[in-house]
Amino acid sequence: MIPGSEGRKDAFSSAYLHMPNAPEELFYDFSCQLEEYCLNREPGFFKNTRFFHDVFHGFTHKCPNVYKSKRLLPLRKVNTEICEQFNSFIQRIKFSARSMTMTRFNFYLQFMIFQWSERKRKQFDRRCNAAMAYIL
């Protein structure tokens, strides 16, 4: 959990330090500046990464269209807000976590991630079933 507001260095550090390879596509609320930040620091690592605004932030930024994920047909169905949705969900444990030991917090966080993932999976299953009923 980032204690203050999130910045470009946080997204850069997370990808660079914890991923063996840079992602092919990276969705971020201020991707135009994140791309510049990443390519100035580790151009070899991020050379094949395409940067996009998520849908929500894409409407408010005055950046070139190259950063808008909705311009590409295959990405129109991608939930680019998944990280924002997860952050909103995980905020529920912020105050409880302050009084936990690290071991208990790690367990609790894993449990909350499992709960959230199950909700998303069930939503996906319902949508698939509805689509199959429509097709049949």
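Student: Where does T49 lie relative to the helices and strands?

Tutor: T49 lies in the loop that runs between helix 2 (31–41) and strand 2 (50–52). Helices here are DSSP runs of H or I with at least four residues, strands are runs of E with at least two, and both are numbered from the N terminus.

Some ground rules before we zoom in. This is a predicted model, where local features need pLDDT of at least 70 and side-chain atom pairs count only at pLDDT 80 or more, while totals for chains, interfaces and linings use all residues. Residues are numbered from 1 along each chain as its sequence is written, and side-chain values use heavy atoms, with hydrogens and water left out.

Back to T49. With a relative accessible area of 8%, T49 counts as buried, because buried means under 20%, exposed means over 50%, and partly exposed is in between (1.4 Å probe, protein chains only). Its side chain reaches the backbone oxygen of P23 at 2.7 Å. That falls under polar contacts: a pair of N or O atoms within 3.5 Å where, within protein, one must be able to donate a hydrogen and the other to accept it, and residues adjacent in sequence count only if both atoms are side-chain atoms. If you set aside neighbours within four places in sequence, T49 is in contact (heavy atoms within 4.5 Å) with A22, P23, E24 and L26.

Now step back along the chain to helix 2. Its buried residues are S31, C32, L34, Y37 and C38. They pack against helix 1 (8–18), strand 1 (25–27) and strand 2. K9 is partly exposed, at 49% relative accessible area.

Of its 136 residues, 26% count as buried. Take the contacts between residues at least 6 apart in sequence: 56% of them join residues at least 24 apart.

At the other end of the chain you'll find helix 6 (residues 102–135). It has 34 residues and reaches 49 Å from its first C-alpha to its last, close to the 50 Å expected at 1.5 Å a residue; the expected span is 1.5 Å times one less than the number of residues. F105, M112 and W116 are its buried residues, and they pack against helix 4 (82–90) and helix 5 (94–97). S117, also in helix 6, is partly exposed at 34% relative accessibility.

R121 and E118 meet in a salt bridge at 2.9 Å, N to O, and R121 forms another with D125, with the closest atoms 2.7 Å apart. Salt bridges that share partners join E118, R121 and D125 into one network. The spacing is worth a look: E118 is three residues from R121 and D125 is four residues from R121, about one turn of the helix in each case. An α-helix has 3.6 residues a turn, so residues three or four places apart point the same way. R121 is partly exposed at 39%, E118 at 23% and D125 at 30%. The count comes to four salt bridges by this rule.

Finally, M132, Y134 and I135 make a nonpolar surface patch of about 420 Å². Patches take residues with over 30% relative accessible area and no salt bridge, joining like charges within 9 Å and nonpolar side chains (Val, Leu, Ile, Met, Phe, Trp, Tyr) within 5 Å. I135 lies in helix 6 and counts as exposed, at 61% relative accessibility.

Methods: Salt bridge = Lys/Arg side-chain N within 4 Å of Asp/Glu carboxyl O. Areas by Shrake-Rupley, 256 points an atom, 1.4 Å probe, with all protein chains shown as cover.
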